[in-house]
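Here is a short note for someone opening this entry for the first time. Please keep the sequence and the model side by side while reading.

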Amino acid sequence: MATLAGQMLGKYQVIERLGRGGMAEVYKAHHPQLERYAAIKVLHHFLAEGKDFTARFQREAKAIATLRHPNIVQVYDFESQDDLYYMIMEFVDGGTLKDRLLQSAAPLPYAEIVHIIQETASALGYAHRQGMLHRDIKPANVLLGKDGRVVLTDFGIARILSDTQFTATGTLVGTPSYMSPEQGMGLHVSAASDIYSLGVILYEMVTGKVPFDSD
């Protein structure tokens with residue numbers, strides 16, 4: 001996918017690409033009328049090729065947009081333009097926990113570790129009570145705001161892709177080093193799978209490495 005910087009997506013002017021992953025690209029954008037910055041996550045083209053994707057995208061978007069928790073990134077809207085499907089989210093003006101781990105030697109300060117785990121666990125607890133699993137808990141999906149807020153992101157893609165060919169083997173929704181055993185084997189996942197992944201993050205913040213890693 002060529003960069004979308006400088007283009008318009010709906011009413012948002014795309015400013016710059018913030019990152020690229022296996023499922024999407026994330027851009028910083030600006031809404032001139034609202035004078036609001038946002039993060040726009042654009043799904044890769046191949047994800048929209050699944051059966052009934054459009055209907056599933058619209059249906060699940062409604063559920064995702066209802067999430068209201070200070071430690072879950074707020075989703076403003078889901079849209080499509082031409083052959084692009086994207087979600088518009090609040091812009092968190094800080095890096096990710098992955099960035100933090102790359103920049104600092106382990107362990108992180110214990111007070112910081114406790115703060116990150118508590119706020120992320122609070123977000124997960126709320127989502128699980130709403131019947132929603134994340135499926136891809138990892139440091140890159142934990143945002144660290146400059147105001148000290150810890151914000152969990154990427155519920156959207158995990159929910160949209162659930163019950164499709166893309167999650168059958170766990171190859172796309174989930175990152176191997178953080179996957180629970182049942183998810184890695186393509187079995188049924190539950191809230192416990194998310195909690196396992198959070199435990200891996202805790203281990204990494206304390207030791208500087210994940211507990212299990214291989215080719």
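1. Strands here are DSSP runs (E, at least two residues), numbered from the N terminus. Strands count as paired if DSSP finds at least two bridges between them.

2. A word on the basis. This is a predicted model, where local features need pLDDT of at least 70, side-chain atom pairs count only at pLDDT 80 or more, and totals for chains, interfaces and linings use all residues. Residues are numbered from 1 along each chain as its sequence is written, and side-chain values use heavy atoms, with hydrogens and water left out.

3. β5 and β6 run antiparallel and are joined by six bridges. Their hairpin has two residues between the strands. Asp82 takes a positive phi there, near 55 degrees.

4. On to β4. Five bridges join β4 to β6, again antiparallel. Tyr86 of β6 stands opposite Val42.

5. How buried is β6? Seven of the seven residues of this strand (84–90) are buried, so β6 is largely enclosed by the rest of the structure. Buried means under 20% relative accessible area, with a 1.4 Å probe and protein chains only.

6. β3 (24–31) and β4 (36–43) pair in the antiparallel sense over eight bridges. His30 has Tyr37 in β4 as its bridge partner.

7. Now the whole sheet. Six strands form an open sheet, in the order β1-β2-β3-β4-β6-β5, with antiparallel pairing. The edge strands are β1 (8–9) and β5 (75–81), and each pairs on one side only.

Note on methods: Helices (H or I, at least four residues) and strands (E, at least two) are DSSP runs, numbered from the N terminus. Buried means under 20% relative accessible area, exposed over 50%, partly exposed in between (1.4 Å probe, protein chains only).
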